[in-house]
Amino acid sequence: MSRAANARVGLALAGGGPEGAIYEIGALRALEEAIEGLDLNAVDVYVGVSAGACIAANLANAIPIADMCEALARDSGRDEGDHPFLPETFLQPAIGEFFRRGTRVPRLLVEALREWARHPDLSLSESLVRLTRALPVAVLDGAPIRKYLRRLYAHPGRSDDFRELRRRLVVVAAELESGAAVCFGNPGHDHVPISAAVQASMALPGLYPPVEIEGRHYVDGVLLKTLHASVALDAGARLVLCVNPIVPVDLQQDGNGDGHQHPEGQLVDRGLGAVLSQTFRTLIHSRLQVGLAAYRERYPGADVLLFEPRRDDYRMFFTNIFTFSSRKAVCEHAYLATRRDLRDRAAELAPVLARHGMRLRSEVLEDGERSVWESLEEPHRRATSRNGRREERKGYGRSGDDTLDRLAGTLDRLEGVLDTVVAGDRESDGTGG
């Protein structure tokens, strides 16, 4: 079934850091396989914010979602152009930022003491507040992200220029000084390199430093809206597929039946990170619900379909993606969770998709043994056993590379041990190697 001639399809991807990007890769793979008439490299308009901006830019540059899945299943070994997503790129410490800020301490200390001496009514502690200007504004370096994407889009058939893409791409960031949304890729901002725009959209305050572009500083666009699906709707899209990996967890539920055990204890027992994560997710998700309700009123003739984890999806909330095997597990989990969502909502989704010349492939969704690696050439293969049932081939890589498989397994176990030592009592929640 071909897409209706007058249909305009948009794709809006939210943020969520490296974990969210991996979730979106798995979810998008499930959508593309299960929806006939959907080509993720040929939608009319892409809108990305934060980590979703990176995935959207890759898709707009004709990088198949299957290649992104395959990159997660291979730790290394091919040309960089075949690796559209490397989580390590997002996790480089901001050593330069710490050094630059540290060099300001002596001058700020002298200024604080001078101010205290000149103004006896000020306490010493009030004067020393000036030293807070030396605190780093971020813990991670965003420059490697731009550098990596610039190299990635230099390959034949790709471009770091919005104006050279065959499909429309919009990357949303927030201008720090004004708090206004800026849509890189729209007229007036389409001359900015895609790699720079993605870096700006991913600059979550406290995590990455603000990105300077033409004398202005930009930060993560998720601070304004979660999805910015309205950008695609304003561009004329009549169907917008949205993927949002950021949902708060609900520990009052028993779980979603995926075999993942209910975590013990309360969130407060897991420390500051868990409390901040739940708070951030709750704020972002509540704002998303308000936005979706507004879309129904502002764009009465358009359809917006949202795909996201369930609130009892404990695996997504508690997973640790810093081990290679866990990243593969998150991608697979997102794929299976999205397939389950499509099956559960089939009656709701079918007529909406039909209006836009698409349909759900029931034969794909009903395949209970299907894996995210099913149709990929190298990372995962299945064979037919003598009793006629399909069996998963363990390990990743070419079938003859037993030595490499054993080495990969050893490295996974070593990463798990190191992660346990560093994290202390942090739970890996069963998704690690």
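A crossing of two helices is left-handed if the near helix is turned anticlockwise from the far one by less than a right angle, and right-handed if it is turned clockwise. Helices (H or I, at least four residues) and strands (E, at least two) are DSSP runs, numbered from the N terminus.

The model is predicted: local features need pLDDT of at least 70, side-chain atom pairs count only at pLDDT 80 or more, and totals for chains, interfaces and linings use all residues. Residues are numbered from 1 along each chain as its sequence is written, and side-chain values use heavy atoms, with hydrogens and water left out.

**Exercise 1.** Describe how helix α2 and helix α8 pack.

Solution.
- Step 1, handedness: α2 passes α8 in a right-handed crossing.
- Step 2, geometry: α2 (residues 51-60) and α8 (residues 194-201) pack at about 155°, and their axes are 7 Å apart. Axes are lines fitted to C-alpha atoms, for helices over the stretch in contact, and angles run from 0 to 180 degrees between N-to-C directions.
- Step 3, orientation: angles under 35 degrees count as roughly parallel, over 145 as roughly antiparallel, 65 to 115 as roughly perpendicular and the rest as oblique. α2 and α8 are therefore roughly antiparallel to each other.
- Step 4, contact (heavy atoms within 4.5 Å): A53, C54 and A57 of α2 meet I194, V198 and S201 of α8.
- Step 5, classes: Ala, Val, Leu, Ile, Met, Phe, Trp, Tyr, Cys and Pro count as nonpolar, Asp, Glu, Lys and Arg as charged, and the others, Gly among them, as polar. The contact of α2 with α8 has five nonpolar residues, one polar and no charged.

**Exercise 2.** Describe the packing of helix α1 and helix α3 in the same way.

Solution.
- Step 1: α1 (residues 17-34) and α3 (residues 65-73) pack at an angle of about 135°, with axes 9 Å apart.
- Step 2: α1 and α3 are therefore oblique to each other.
- Step 3: the crossing of α1 and α3 is left-handed.
- Step 4: from α1, the residues I22, I25, L28, R29 and E32 meet I65, A66, M68, C69 and L72 of α3.
- Step 5: eight residues of this contact are nonpolar, none is polar and two are charged.

**Exercise 3.** Is D303 buried or exposed, and which residues does D303 touch?

Solution.
- Step 1: buried means under 20% relative accessible area, exposed over 50%, and partly exposed in between (1.4 Å probe, protein chains only).
- Step 2: D303 has a relative accessible area of 14%, so D303 is buried.
- Step 3: not counting residues up to four places away in sequence, D303 touches R238, L239, V240, V352, R355 and H356.
- Step 4: D303 lies in strand β9. Four of the five residues of β9 (residues 303-307) are buried, so this strand is largely enclosed by the rest of the structure.
- Step 5: strand β8 (residues 239-243) and β9 run parallel and are joined by five bridges; two strands pair if DSSP finds at least two bridges between them. L305 in β9 is the bridge partner of L241.

**Exercise 4.** Where does E111 lie, and how many residues separate E111 from R130 in sequence?

Solution.
- Step 1: E111 lies in helix α5 (residues 105-118).
- Step 2: E111 counts as partly exposed because its relative accessibility is 22%.
- Step 3: E111 and R130 are 19 residues apart in sequence, and 8.1 Å apart in space, C-alpha to C-alpha.
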